[in-house]
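Please read them beside the coordinates.

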Amino acid sequence: MKKNSKIIRTKTRASGGITDAERAQMESVSREWIDIAYRTTPIDPAKITDAIHRLYIAANLKVPRVVIAPSPLVMAFAYGASAAIWHRRKTDSTTDIVTFNATRIAADNATFNATANVTRNATFNATDIVTANATLNAIANAETGAARACYDLAGSFGLECAAQWMNSYQGGNMWAGWCSYLAAMRDVIGLRLPEHIAYQAWEDAAREGGFRVMHKEFCIVSDFPEFIRIDDQNRPHCESGPSHRWRDGWSLYHWHGVAIPAEWIEERASLTPQIALTWRNIEQRRAACEILGWAKILAALKARIIHEDLDPEIGTLVEVDIPDIGKERFLRVLCGTGREFALPVPPTMKTAIQAQAWTYGYDDPKDFLPPEVRT
Amino acid sequence: MKTFENICAQGDILIRRIASLPAGAERVDPENGVVIVTHSETGHHHVMDAGAVTMHRLPNSIMDCLLVVDQPAELRHLRAHDTHEPILFAPGVYHVRRQREYTPEGFRRVED
């Protein structure tokens, strides 16, 4: 903090930087919300239901039915089935009011029945298979089970609705970063804004639940994972299994924060140097190369260095022999974050700087000037 | 914060200062208060404050864009981990090139 800065603290305004004492308190708030983001204890139905009810009330919406799903996967498919059923009920009501009146009570219960069945079926399918099969099969069957339950309840329209789950989701504890910031402004800096009253329900829902999908009639909230594995920078990461696993068996895999296919970890032999180097997404390609190790990739593909620039950010041009494809040239280059990437470049490239110039659209390397700053 | 005179790079984009906005460049609308300089499939966009910067694009251009910076503004990378450090831009006009990679059919934009 600058000594000359003028600290202003009122209930509605804060400016002038932060004091050392405030910074220390913010560290505490940050740690608290990091812990919430990594929560693995089971969800408390009463607490999350109360928070969601208050959240809807704060938004001037009627109190919804709250259903807890064992994982975000089941949440998404339960959402699809429930949204489809509700949509059909309401669409029908516009064309056949008699039918609507006759089935009103049934419609009122549609969400509960749909979500309860989806959740129960998917959970049963997933957990049953978890106990019987290996991890990969369990994940596949958890996904298949949830999808099948959705289809059984609401047909292909239910699956189409499930695919739209991201349009109505909120992150719960997984969006802890925003909550941490707002909590620090309120509890450390001392802001007391009218919005804080409504925000309390949001904050409580973040403490008490994971991802959620919100519908006018219902809200489906995912339970927390049963474990989360991270690296020394708090990024999801595990070299020998899932980074996240929920209690129904559904899992995610990450390599230093980058989501990767489960097979790359569970069936290491399936990840070949060819797959690694030709993977389309560059972040996942980099992760694959790290998992395998550059030495193994270069040795396996009989790599030949064509040209090595003195500047590692300009890189090294290598040629490899990829089975069924043939000779390909790649520019191995260090990015501004210190990570190494591999970019396929045309076979006509002769030098690393020519290859780098080409990647930025300069067909003539004389037109390319290396950047003064690279981050 | 890092600054530059003429050329800088942030992740998969290269930025070069140019003299003026080319004729025919069409303005691109900002989103939620920011100019999305490059869009990421995973949401890790590179953005600038729409109050300080306008973005333009030449017709049919998919690999590059143009920035008119009216007041000092930073180029930010929206990712919580392995974040590319912000770079401060001075007022001026800039040409942004997005990185590409080779495919047997030609080339494609680098995806992250």
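The points below go from confidence to interface, then to the sheet and the salt bridges.

1. The predictor gives the complex an ipTM of 0.92. The pTM is 0.71.

2. Confidence in chain A. The average pLDDT of chain A is 86. In this chain, 85% of the residues score at least 70. Two stretches need care. Residues 95–108 of chain A stay under 50 in pLDDT, and the model has six contacts for them beyond four places in sequence. Residues 127–133 of chain A also stay under 50. For residues 127–133, the model has 10 such contacts. Where pLDDT is low, predicted coordinates should not be read in detail.

3. Confidence in chain B. Chain B averages a pLDDT of 90, and 100% of its residues score at least 70. Among the elements of chain B, strand β10 (residues 87–89) has the highest mean pLDDT, 96. Strand β13 (residues 106–109) has the lowest, 86.

4. Extent of the interface. How many residues of each chain are in contact with the other? There are 32 from chain A and 32 from chain B. The two chains bury about 3000 Å² between them, with 51% of that area on carbon and sulfur atoms. R280(A), Y360(A) and T375(A) supply 24% of the area that chain A buries against chain B.

5. Polar and charged links across the interface. The rule finds 20 residue pairs in polar contact between chain A and chain B, both residues at pLDDT 80 or more. The count of salt bridges between the two chains is three. R100(B) and D363(A) form a salt bridge through their side chains, at 3.0 Å from N to O.

6. Chain A's side of the contact. Which elements of chain A each supply at least two residues to the side that touches chain B? They are α11 (282–292), β15 (340–345), α13 (352–359) and β16 (373–374). The residues on this side of chain A divide into 15 nonpolar, seven polar and 10 charged.

7. Strand β16(A) runs parallel to β2 (residues 7–10) of chain B, joined by two bridges. V373(A) has C8(B) as its bridge partner in β2(B). The open sheet has seven strands and mixed pairing. Its order is β16(A)-β2(B)-β3(B)-β11(B)-β8(B)-β7(B)-β4(B). Why is one side of β16 of chain A and of β4 (26–28) of chain B left without a neighbour in the sheet? Both strands stand at the edges, each with a single partner strand, so one side of each has no neighbour there.

8. Inside the sheet. Strands β8 (residues 64–69) and β11 (residues 92–98) of chain B pair in the antiparallel sense, over six bridges. In this pairing, L66(B) stands opposite H95(B) of β11(B).

9. Salt bridges overall. Over all chains, the search finds 25 salt bridges. One of them joins the side chains of D204(A) and R54(A), at 2.8 Å from N to O. D204(A) lies in helix α8 (residues 195–208) and R54(A) in helix α2 (residues 45–58) of chain A, so the pair ties together parts that are 150 residues apart in sequence.

Key:
Residues are numbered from 1 along each chain as its sequence is written. Chains are lettered from A and ligands numbered from 1 in the order in which they are written. Side-chain values use heavy atoms; hydrogens and water are left out. pLDDT is the predictor's confidence in each residue, from 0 to 100. Contact means heavy atoms within 4.5 Å. Buried area is the accessible area (1.4 Å probe) that two parts lose on being put together, summed over both. A salt bridge is a side-chain nitrogen of Lys or Arg within 4 Å of a carboxyl oxygen of Asp or Glu. A polar contact is a pair of N or O atoms within 3.5 Å; within protein, one must be able to donate a hydrogen and the other to accept it, and residues adjacent in sequence count only if both atoms are side-chain atoms. Helices (H or I, at least four residues) and strands (E, at least two) are DSSP runs, numbered from the N terminus. Ala, Val, Leu, Ile, Met, Phe, Trp, Tyr, Cys and Pro count as nonpolar, Asp, Glu, Lys and Arg as charged, and the others, Gly among them, as polar. Two strands pair if DSSP finds at least two bridges between them.
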